[in-house]
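Subject: Structure handover

Hello,

Please find the structure below.

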Amino acid sequence: MTSSTALYTDRYELTMMAAALRDGTAFRPSVFELFSRRLSGGRRFGVVGGTGRLLTLLRDFRFGDDELRHLRDGRVVDAETLKHLADYRFTGTIRGYREGELYFPGSPLLTVEGTFADAVVLETIALSVLNHDSAVATAASRMSIAAGERPLAEMGSRRAAEESAIAAARAAFIAGFGATSNLEAGRRWGIPTMGTAAHSWTLLHDDEESAFRSQIEALGTDTTLLVDTYDIRTGVETAIRVAGTGLGGVRIDSGDLPIVAAEVRAQLDELGATGTRITVTSDLDEYAIAALAASPVDSYGVGTSVVTGSGYPTASMVYKLVARQDSSGAWIPVAKASADKASKGGRKAAFRSLEHGTAVAETIAVSAGFDELDMPSEHPDARPLQVVLVDNGDIDASYEGVEGTAAARAHHLRVREELPVRALALSKSDPAIPTVFVDAS
């Protein structure tokens, strides 16, 4: 196995390239666009996730000897295509929404410009990354809004494939979570990590008190003790007896959480542990978090729901050819016309129209040509949404790694303030703002 990501793709992308090389259309300048026709699950906004990861994967999108041997042995493509792939480097330009940005139906999240052969092979890897990470980021943002000022920790690694778990931790962090239980995510992306003990720790010992004493001796009194392995009330009493009233926190992982949290808070206060924090876990999602808003809870740990997009594990994005040159060199818009799956042809530029700092529309300027698209004059307060991510093959490293992840988080928390109040509701509805297409020809 190599570090190449070139085979993170579907076979038909290479067979299309092979046919295009044969008929002479492979090097036609083309524009592909990645977008979502609708927001999954009646959400009112989406959050762009995965851009930084995609750029890093693009660096390794190279066909080495192992990859070429696999394609040759499997008779996937012919000798001419293998020769072309041996020298493949993406040399085009990619513009897109910054990671952490909000998006709406029709938002041109990525615009990939290059030859047909350059751009067509990126379809699967781009969709694989952005569909997954954006679904997680969107769910995580809704949870972050529901949690308000209370901290959120991602702890869903056991509910996802190993690399997906790391990607999900990153997407959740970008969208407002403050920590993860996944150590590799911490190392790779600079995310704070958290975690103390599971029920197995308590069950390992002869009794709950022995488990608590051992944990306190190892981690100090600022640790969090899991108090629901047996009886919660007894667990709380034992925790304070062992650790004293300066115990950092207790965790509750079962029961009717609003009722149990209130009872635990009252018991802690009665015992003099007024500063001991309460963390709740137990299959939380944005709706459960919202239901706990009035409860005496200090922080949340979320697992399954966040890493699976809270019921919508994909953002339903697509990657379509929207413009190309014809045989004379003229640019023409192209679009799919299938029922319920129509796309809008033409190169696009996106702007967030604002009134008094609040978003009122997603304004998309569409051109049949290839000239630079300026901000529509009727929207002087609009904010440009696209940045150059790859310039003629040169990847902008500022969007990658630890620094790129931190920047994406900061950007998301900033632009989320532009949302109208109706966007913050959790119920299913239309997008919070309309997408308006304007002709820029």
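**The parallel sheet**

Strands E6 and E7 run parallel and are joined by two bridges. Across this pairing, Ala-153 is opposite Ala-179 in E7. Two strands are called paired if DSSP finds at least two bridges between them. Strands (E, at least two residues) and helices (H or I, at least four residues) are DSSP runs, numbered from the N terminus.

Before going further, note that this is a predicted model, in which local features need pLDDT of at least 70 and side-chain atom pairs count only at pLDDT 80 or more, while totals for chains, interfaces and linings use all residues. Residues are numbered from 1 along each chain as its sequence is written, and side-chain values use heavy atoms, with hydrogens and water left out.

E6 and E7 belong to an open sheet of six strands in the order E7-E6-E11-E10-E9-E8, with parallel pairing. Its edge strands are E7 (179-180) and E8 (224-226), each of which pairs on one side only.

**The antiparallel sheet**

Another open sheet has seven strands, ordered E13-E12-E1-E5-E3-E17-E18, and its pairing is antiparallel. Strands E13 (331-333) and E18 (394-395) are at the edges with a single partner strand each, so one side of each has no neighbour in the sheet.

Within this sheet, seven bridges pair E1 with E12 in the antiparallel sense, and Glu-33 is opposite Lys-320 in E12. E12 is also joined to E13, antiparallel, by three bridges; there, Gln-325 has Trp-331 in E13 as its bridge partner. The hairpin of E12 and E13 has five residues between the strands, and Gly-329 in this hairpin takes a positive phi near 95 degrees. Elsewhere in the sheet, E3 (residues 93-97) and E5 (residues 110-115) are antiparallel partners over four bridges, with Thr-93 opposite Glu-113 in E5.

Two helices lie across these strands. Helix H2 (residues 51-59) lies across E3, E5, E17 (386-391) and E18, at about 15 degrees to E17. Helix H6 (residues 123-147) lies across E1 (29-36), E5 and E12 (317-325), at about 140 degrees to E12. Axes are lines fitted to C-alpha atoms, for helices over the stretch in contact (heavy atoms within 4.5 Å), and the angles run from 0 to 180 degrees between N-to-C directions.

**Pockets**

What is the volume of the second largest pocket? It is about 320 Å³. A pocket is an open set of points on a 1 Å grid over the protein atoms alone where a 1.4 Å probe fits, with protein on both sides within 12 Å along at least five of seven lines; lining residues have an atom within 4 Å of a point. Grid points are joined across faces, edges and corners, and the volume is the space filled by probe spheres set on the points.

Of the 15 residues lining the second largest pocket, Tyr-8, Arg-53, Leu-57, Val-129 and Glu-163 lie nearest its centre. H6 contributes the most to this lining, five residues.

The largest pocket holds about 870 Å³ of space. It is lined by 34 residues, and Met-155, Met-194, Arg-251, Thr-281 and Gly-301 are the closest to its centre. E11 supplies the largest share of this lining, four residues.

**Salt bridges**

There are 25 salt bridges in the structure, each a side-chain nitrogen of Lys or Arg within 4 Å of a carboxyl oxygen of Asp or Glu. One of them joins Asp-66 and Arg-69 (2.9 Å, N to O). These two residues are three apart in helix H3 (residues 65-73), which means about one helical turn separates them.

Regards
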